[in-house]
Amino acid sequence: MKKLIIFLGSVIVLGIVLNFALNSYIQAIVISFMINAIMALSLNVITGLADQFSLGHAGLMAVGAYTSAILSKEVFADHWYLIPVTVLCAGLTAAIVGYLISLPSFKLKGDYLAIVTLGMAEIVRVLLLNWNHVGGPRGYNGIIKFPEFSYAYIFVVTLLSLVFVACYRLKYSWFGRNLWALNEDDIAAEVMGLDLTKTKRQAFVISSFMAGLGGGIYSHHLGYISPNSFSFLVSTQILIMAVLGGLGSMSGSVIAALILTILPEALRSLPTGSLDIRMIVFPIILIAMMILRPQGIFGRSELINFCKEKKWIKS
Amino acid sequence: MQEFFQHTLNGLSFGSIYALVALGYTMVYGILGMINFAHSEIYMMGAFMCFYLARFFGFNTPSPMNFTLGLLGAGLATAIIGFSVEKLAYKPLRNSPKMNSLITAIGVSLLFQYGGQIIFGADPKSFPTLIEDAALFELAGIQIHLIDLIIYGVSFASLAALSFIILKTQTGRAMRAVSSRPDMTPLMGIDNNKIISMTFIIGSVLAGIAAVLVSIKYPKIDPLMGNKIGMSAFVAAVFGGIGSLHGAVVGGLLLGLGEYYVLGYGASTYREALSFCILILILIYKPTGLFGSNKKEKI
Amino acid sequence: MKKWAPRILAAFAVSMLVFSCTKKGDDNEILIGSYASVTGATASFGAYQLNGITMAVEEINAKGGINGKKIKLINYDNKSDNDETLAVVNRLVTQDKVLALLGEATSGRSKIGAQIAQQNKIPMLSTSATNPDVTKVGNYIFRACFIDPFQGLVMAKFMTQNLKLKKAAILRDIKSDYSVGLADNFAEKLKGLGGEVVADVSYQEGDIDFKSQLTSIKGKNPEVIFVPGYYNEVALIAKQVKELGMTQVMLGGDGWASPKLHELAKSAIDGAYFSNHYSTESKDPKTVTFIKDYKAKFNETPDAMAALAYDATYMMAEAIKNSKELTSENIRNELAKIKDFSGATGKTQMNENRDAVKSATVVQVQGEDFKYVTEVAPN
């Protein structure tokens, strides 16, 4: 606990320093990175720890984003200090939706689950497209933001740290071990008395909650959301981050999110003229990684283990 | 009543396209057990390759000859592309967990989409009219167009040819064997790699043909055109039972019809959701789809 | 945790600081930013917008720049995507620190860019966004074209008075602010002129098949089909209208204005009318010169988007020239003062809502050309 507070404190101090040192473009990237990290962590819980392939996290993010946006605009009358409340509600709503999704889905295995989650995300997106009250396809505009970068930063960093610590401790808890057992050999785990469906469902609900949190901040970060911000492509980008970091590695997700948030922006500065190579970089990284190093950067272990051991190649 | 008939015709026409593309998904899943997300991009490449070939060799005026050339060109191009994708991206992962292949397939799909945007330009292009569309005759007040008849005809012919190959030829038997027990087939003297490549090639050719047909009817092509069709065709394949050829065709036709009825009598914007609703319902109640087979899991 | 936390933080902070090093601008240059949809669904608009702006910038710089300083144009492609628009406008305004913004061609994305521009007090001049909401975002947002209430009135008037028709069916693109706004405006004005809207159906940008919507329209027997969308879908709709054997005349708005319309639709769209910002047949000397120079430079006839962008750039240049000091606030004030500006698209002046007051030209599609039919002046 004490370590966490020290860490948090130092990061917040850093944030206040950064507030003065950076322009709002970079500040936006920082927040973007943290949102991506939360999303990657949420996906890692279900796909990394529980080995249930979810291609629909963008849909959960959308649920969180719209919930939080609607609450801010309509119920809380644009009071920015209630943003944390709306984000929390966003997480809860997403968790409920996740629960509903998980009800029929966990009888299915592997690929089928991927398809169902993809389908659910698309259905969410289409429903939002048709909901004219929130702008439908033209998007929901004018969502309140934190008035100062430092407030946003503090909030998001706290949230990210909490999510990270939660995931980290989840991984090494008895629940995490259940998930690992399920991962390794589900039939054997079932024989040992593990209720597979219930465990998977719990993992999915937790994952959805975090995804909802990420979505909630997202809408208050951009100030504008539309159903097309939550397409299959976004689910894929989150997946790439989780896979790059290593499925099952929490610190890996955060670092991968950092790399993959900064990379497109850094590439924007490249003088490639009218060619936009940024979007090609993502799939190339993905394919190369799958062929050359499918376990991602950290595999299943954490950064801290890496620093202790010197075995960097095998993991 | 006339409206219903019109919707039915439209639905069948689009459904045949879904069927052609769904066959590709289902064949690859049957043989490799992986969902080839990149299949929709092979479809897209079929359209673009035909576009460029037509421009390069100058056969962009309407005539039956040009039409056939277009189909052949697209088929050849997609065969090569499908073959290469399999060799370069999927073969190295054949022994890895299925999730890796899935992720790689997504990567290849994105690569083609964004690469296509860079190489071909992201703005839509106008596909040459390779065959003049004519209203042939009237049936119950609806005009029947040549293009639609061609689409039905080509789809049907392709299915017939494919069925013949799978059921009656040596290669087909080998394909069925590989999809059933890939570990045993080398003992039978079957080269797995060749069969897998053959499967990809056939699936890709079908997608290429479908792309040309669609592009003649709706002449706008762009690098992201594979997305919607691919998604719906994939749903059709799962709906019909992934791994089953008949399933893919029936699934495609039914899905096409369903979408058009929804469009006609409901809101156009729910169209995409429809495919997924059908999909999810099917997966809950009959996970193996309409014609899929229930494989018992051996412990 | 204690061991690696400071290391990670240090790496992060360093990378951020390195990142934030902005290039020092040359003091002898005037930084103007633009964001255009050069690729993506409305790529034609963005490409022509960029052409118009680039041509104007080159001409101005060739004549010595503005008050001796050359313009440096920084353009980003927003890929016809809303999120990308957010990112690039943010970058232009905060990282590249432009003095003023030109863009965008479409209303939806202009609205998004406008929010950022207004927040950061950078004047933005949209080249062809016609939805009234764009300039309502704030007093730093301007536009170089007419707005949809006017455009809707123009087409409603044309339909009832020139074509003498009463019943219209609307086919709108619900994905676009522009289409929805124009459709609503048209419907309202039409009813005011005694007409009737018999059907109102929708599609989405990116759709290729509209037979279901058209079949249901067919059943309602309209005399006119109003399609206030963008050229890609309009072209396909025109083809399918013909395929279904429908003979109603099609009407539309400036979203049709692209050479791609004919390329995709071929003869199916001949005879349809739409409201545009100018006509290539205009005898106005400025228009004629512009068309000639554009053809020489880009080897094709300029469309309305290019012409408007060209004019917008010149308007911006005039505002900059009149500014005593080169600050964003001064430029904004000068933009608001534009009265008798005369450019390739005719005479323009800024009204108190920061919208341009201009006349609209109704043209008819005939093959590759848009033939002048009539001009409607703003009242």
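Two strands are taken to pair if DSSP finds at least two bridges between them. Helices (H or I, at least four residues) and strands (E, at least two) are DSSP runs, numbered from the N terminus. The model is predicted: local features need pLDDT of at least 70, side-chain atom pairs count only at pLDDT 80 or more, and totals for chains, interfaces and linings use all residues. Residues are numbered from 1 along each chain as its sequence is written, while chains are lettered from A and ligands numbered from 1 in the order in which they are written.

In chain C, C:Gly343 stands opposite C:Gly346 in strand 12. Strand 11 and strand 12 (residues 346-350) of chain C pair in the antiparallel sense over 3 bridges. They belong to an open sheet of 3 strands, ordered 11-12-13, with antiparallel pairing. Strand 11 (341-343) and strand 13 (356-357) of chain C are the edge strands, each pairing on one side only.

A hairpin is formed by strand 14 and strand 15 of chain C, with 2 residues between the strands. C:Gly367 takes a positive phi near 65° in this hairpin. Strand 14 (residues 360-366) and strand 15 (residues 369-376) of chain C run antiparallel and are joined by 7 bridges. C:Val362 stands opposite C:Thr374 in strand 15 of chain C.

Chain C is divided into domain 1 (29-146 + 283-359) and domain 2 (148-276). The bounds come from an automatic or database domain assignment. The C-alpha centres of the two domains of chain C lie 28 Å apart. Contact (C-beta atoms, placed from the backbone, within 7 Å) links 16 residues of domain 1 to 19 residues of domain 2 in chain C. On the domain 1 side, helix 4 (107-119) and helix 12 (304-322) of chain C each give two or more residues. Helix 4 of chain C provides the largest share, 3 residues. By class, this side has 5 nonpolar, 8 polar and 3 charged residues. Ala, Val, Leu, Ile, Met, Phe, Trp, Tyr, Cys and Pro count as nonpolar, Asp, Glu, Lys and Arg as charged, and the others, Gly among them, as polar.

Chain A has 13 helices and 0 strands. Among its contacts between residues at least 6 apart in sequence, 81% join residues at least 24 apart. The contact between chain A and chain B takes 32 residues from chain A and 33 residues from chain B. Helix 5 (110-130), helix 10 (232-245) and helix 12 (278-292) of chain A each supply at least two residues of the chain A side. Helix 5 of chain A gives the largest share, 13 residues. The chain A side divides into 25 nonpolar, 4 polar and 3 charged residues.

Key
Contact = placed C-beta atoms within 7 Å.
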